[in-house]
Amino acid sequence: MAAAVAAAPGALGSLHAGGARLVAACSARLCPGLRLPRSLAGRRVGPAIWAQGWVPAAGGPAPKRGYSSEMKTEDELRVRHLEEENRGIVVLGINRAYGKNALSKNLIKMLSKAVDALKSDKKVRTIIIRSEVPGIFCAGADLKERAKMSSSEVGPFVSKIRAVINDIANLPVPTIAAIDGLALGGGLELALACDIRVAASSAKMGLVETKLAIIPGGGGTQRLPRAIGMSLAKELIFSARVLDGQEAKAVGLISHVLEQNQEGDAAYRKALDLAREFLPQGPVAMRVAKLAINQGMEVDLVTGLAIEEACYAQTIPTKDRLEGLLAFKEKRPPRYKGE
């Protein structure tokens, strides 16, 4: 298959080869010392944004709720590394109640610092983004702060928001947005950057920027169409419509919808259940699978298959693959180490 890609004539062949070259670079960053199949080796690659921070993660078991060590940034963002049977799950809790979790300069700085640390942490297996403020996920931009900015300040600050949201999208491990309340504008864009979104039925979601005579600036015009389709995304953005959890599930914006509980954290509990399902799987395989899916969705099928081939090749020399086969033979749970 890869040979066919290389042999493809003209511009199409160049496009296919470019996709394969892209993965070659990503793979080199992801698993240093591992080689690609000869069919894909030696090809030059374009920008490899997905490779940033892709290092094999340490293994970790699953199930039991509980917080332990807390990485203190500031109260507006709480970064918790879960312990015991939930080891490997990290929870980013937005806690800016007085501002409805709006994206202020300080909160963006906190998010940037946290994400930068997490992307190279070998022990991280799954990241959950949630709110610690009842009824609110994130209300979007801090409009009070924005009103005090000059026109020349607005553009650069929106660029910072976009960059942080992109960094979240480029995290090498699975990410889950737990939407237990209002997620508007930049708040929904933050959730769209996550791999999986779950929400309470009472949650409200929408890209409402056109009401303010602007457009989504944190990736919403690009990620919403990719999530639910171009026509429906245009309808929602043009109308600034707000959906509840059931409506969001119906259009494919979220994967799971749940009735809210007394504690107001139904979406977070579901996100935690999903994260626990991910923990027993091979760490390198999880990261490479995310890379293959994300890169493959941006190209044609033939190039996507070449990307899959290159990514699969990264799992073959790993100790985890051999451990998986041995565990299957011995009829026991595998003990993966991310190697």
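**Where to start**

Between which two elements does the loop with Leu-212 lie? Leu-212 sits in the loop between β9 (204-206) and α7 (220-228); helices (H or I, at least four residues) and strands (E, at least two) are DSSP runs, numbered from the N terminus.

This is a predicted model, in which local features need pLDDT of at least 70 and side-chain atom pairs count only at pLDDT 80 or more, while totals for chains, interfaces and linings use all residues. Residues are numbered from 1 along each chain as its sequence is written, and side-chain values use heavy atoms, with hydrogens and water left out.

**The sheet**

Let's turn to the strands. Four of them form an open sheet with mixed pairing, in the order β5-β7-β9-β10. β5 (136-138) and β10 (243-244) are at the edges with a single partner strand each, so one side of each has no neighbour in the sheet.

β5 pairs with β7 (residues 182-184) in the parallel sense over 2 bridges; pairing requires that DSSP finds at least two bridges between two strands. Cys-138 stands opposite Ala-183 in β7.

**The second largest pocket**

Here a pocket is an open set of points on a 1 Å grid over the protein atoms alone, where a 1.4 Å probe fits, with protein on both sides within 12 Å along at least five of seven lines; lining residues have an atom within 4 Å of a point. The second largest pocket is lined by 29 residues, with Ala-139, Gly-140, Ala-141, Asp-142 and Leu-143 nearest its centre. Two or more lining residues come from each of α4 (143-147), α5 (151-169) and α6 (186-192).
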